[in-house]
Amino acid sequence: MIILVSLVGSVGPAHADIRATYRNAEGATITVDVADNGNSRIDFSGQPFFLIIREGVSYIAYRPPATPFVARTNDLQTLISERAGPLNYPMTHQALVERGTFAVAGRTGRAFWLNIPEPQTRPVFVLSTDPALAPLRLPMAEQMDFSFDSIRMTNGEIPSVMLQMRRELDAGAPLIFVGYFLERVTHDRVDEARLALPSEPVSMDQLRAGIPSR
């Protein structure tokens, strides 16, 4: 499942750029780069698209083998609402329960477990409130919102567990979420070229007409 920020801290590296890598059991990765100005990029291994956030606006950028184009995610949400109805994510039940803390890659966060009677060996969602990881909150929330949009485009149902994870993301950065585990965090300078839009975003009329040819 594909599934988006200010940088603060009194102690830390000379610059506040951050890169976080998440990995799942199949080896797929999500890489999040955040510059000290808040601009960010999210890459998904094996996927022909990536997300960019610039000055608080989120974009989806497609690349070959997909038809290359850039669109504002808000425009995509508008298009989906026009075709699939209003965006409405009702919580049908409390899918997760918070219990204790859990450590991932040397960092500890609030642990959320499935609300089921069967024994579990580890939580399915762990949320860090460490200020050093605060820059990751917005891009990870944006990528989860994009996952919801992808589900809606196929008329799928968004699981309550994912809805609750998204709600909790407003309070911090994930260490574990939807099968992905934080693997490492570095503070190397983010190349600004990676945070640039590869082209101008298409208009709503172009989106309504279909993916534009280039």
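Me: Where is the place of Glu26?
Reply: This is a predicted model, where local features need pLDDT of at least 70, side-chain atom pairs count only at pLDDT 80 or more, and totals for chains, interfaces and linings use all residues. Residues are numbered from 1 along each chain as its sequence is written, and side-chain values use heavy atoms, with hydrogens and water left out. Strands here are DSSP runs (E, at least two residues), numbered from the N terminus. Glu26 sits in the loop between β1 (18–23) and β2 (29–34).

Me: Is Glu26 buried or exposed?
Reply: Buried means under 20% relative accessible area, exposed over 50%, partly exposed in between (1.4 Å probe, protein chains only). Glu26 has 69%, so this residue is exposed.

Me: What distance separates the C-alpha atoms of Glu26 and Tyr180?
Reply: Along the chain, Glu26 and Tyr180 are 154 residues apart. Their C-alpha atoms are separated by 9.7 Å.

Me: Which phi value does Val178 have?
Reply: Val178 lies in the loop between β10 (173–177) and β11 (180–186). Val178 is buried, because its relative accessible area is 19%. Most residues other than glycine have a negative phi. Val178 has a positive one, near 35 degrees.

Me: Is Ala105 buried, partly exposed or exposed?
Reply: Ala105 is in the loop between β7 (96–104) and β8 (107–114). Phi of Ala105 is positive too, near 50 degrees. Its relative accessibility is 47%, so Ala105 counts as partly exposed.

Me: Is the peptide bond from Pro64 to Pro65 cis or trans?
Reply: Pro65 lies in the loop between β5 (57–62) and β6 (69–72). Most peptide bonds are trans. From Pro64 to Pro65, omega is near 10 degrees, and the bond is cis.

How values were computed: Helix = DSSP H or I, 4+ residues; strand = E, 2+ residues; numbered from the N terminus.
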